[in-house]
Amino acid sequence: MPIKDESERTNALAKGVARPVRPDFEFRELRQPKRAELIADEIRHWIVSQDLRPGDRLPTEKELIRAMASSRGSVREGLKILEAQGLVQITAGAGGGARVALISYENANHLLKNFFYFRSLSWRQVYDFRLQIEPAAAELATPHLTDEDFERLENTIHRCVDGRVERISRAEQRLEEGNFHRIIAERCPNPMLRFTSLFVSDLLIDYVRYRNIIDTENDDFGAECLSSHRKLIDLLRRGKSAEVAAVMRDHVMAVRSYLGERERLVDPGLLMER
């Protein structure tokens with residue numbers, strides 16, 4: 001007897017009508033973590049629990065073998081896992097061994113690009129993210145910019161003017177426009193905002209370097225960038241944090257309109273090319 005809905009199913013059960021047979025649950029055998037993976041996890045936990053810092057030594061290989069009752073091969077493989085993740089640095093020879101490493105921005109940037117390589121990423125999504133990140137990062141960076149930073153920012157302006165009168169190539173001009181944003185992002189005191197803002201800036205700089213998607217004859221784009229950057233320098237010098245955020249947001253939205261007309265998807269090759 002077919003059972004049409006849940007109420008009929010309940011009534012049928014009350015009357016002793018048999019339910020359809022449910023198929024057996026089939027599952028594949030779960031893989032047990034390799035010994036080296038467990039060792040890597042344990043060392044990572046120990047680094048955190050002991051509040052170790054970059055440069056601090058880890059126990060010697062013999063000490064790890066004894067403490068974890070493991071073979072030399074498993075311990076070495078566990079350390080290699082952490083080295084590949086950038087958490088540990090291993091040096092050979094006298095005075096060598098394993099130390100806690102400072103994970104560099106460059107390594108983290110490279111891994112994140114690898115992550116996005118296997119996903120369809122649109123420029124609209126990049127700029128939606130940039131709109132959320134960069135104005136906030138610029139606002140926080142405002143009181144932390146130094147005289148040297150302002151000199152660098154002004155230099156990007158001069159270079160962009162050179163680009164408009166064709167003393168440098170348009171591609172070089174695009175790079176200077178990107179460097180302007182990077183200089184500001186470097187001074188953001190929030191490490192997460194700083195990293196994500198730098199990541200997006202470098203993604204765009206790389207795209208100009210390897211495949212300039214902005215029409216080299218598009219003078220309106222350069223004019224908009226130059227105008228917005230001059231406004232931003234003035235506001236940054238005067239410490240107008242909230243106004244910096246507002247102008248940065250308007251600027252990013254204006255740039256998004258140019259790029260949105262030219263590329264729908266980020267070229268995956270950009271994320272891996274070096």
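This report looks at the nonpolar cores and the salt bridges of a predicted model.

Residues are numbered from 1 along each chain as its sequence is written, and side-chain values use heavy atoms, with hydrogens and water left out. Because the model is predicted, local features need pLDDT of at least 70 and side-chain atom pairs count only at pLDDT 80 or more, while totals for chains, interfaces and linings use all residues.

Let's start inside. A nonpolar core is a set of buried Ala, Val, Leu, Ile, Met, Phe, Trp, Tyr and Cys residues joined through side-chain atoms within 4.5 Å; buried means under 20% relative accessible area, exposed over 50% and partly exposed in between (1.4 Å probe, protein chains only). The largest such core has 40 residues, and Val126, Tyr127, Leu153, Ile184 and Leu236 touch the most other members. A second, separate core holds 15 residues, among them Ala40, Leu52, Val75 and Leu87.

Now to the charged side chains. A salt bridge puts a side-chain nitrogen of Lys or Arg within 4 Å of a carboxyl oxygen of Asp or Glu, and the whole structure has 20 of them.

| Pair | N to O distance |
|---|---|
| Arg152 and Asp149 | 3.6 Å |
| Asp149 and Arg187 | 2.6 Å |
| Arg237 and Glu154 | 3.5 Å |

In the remaining pair, Arg237 is partly exposed at 48%, as is Glu154 at 24%.
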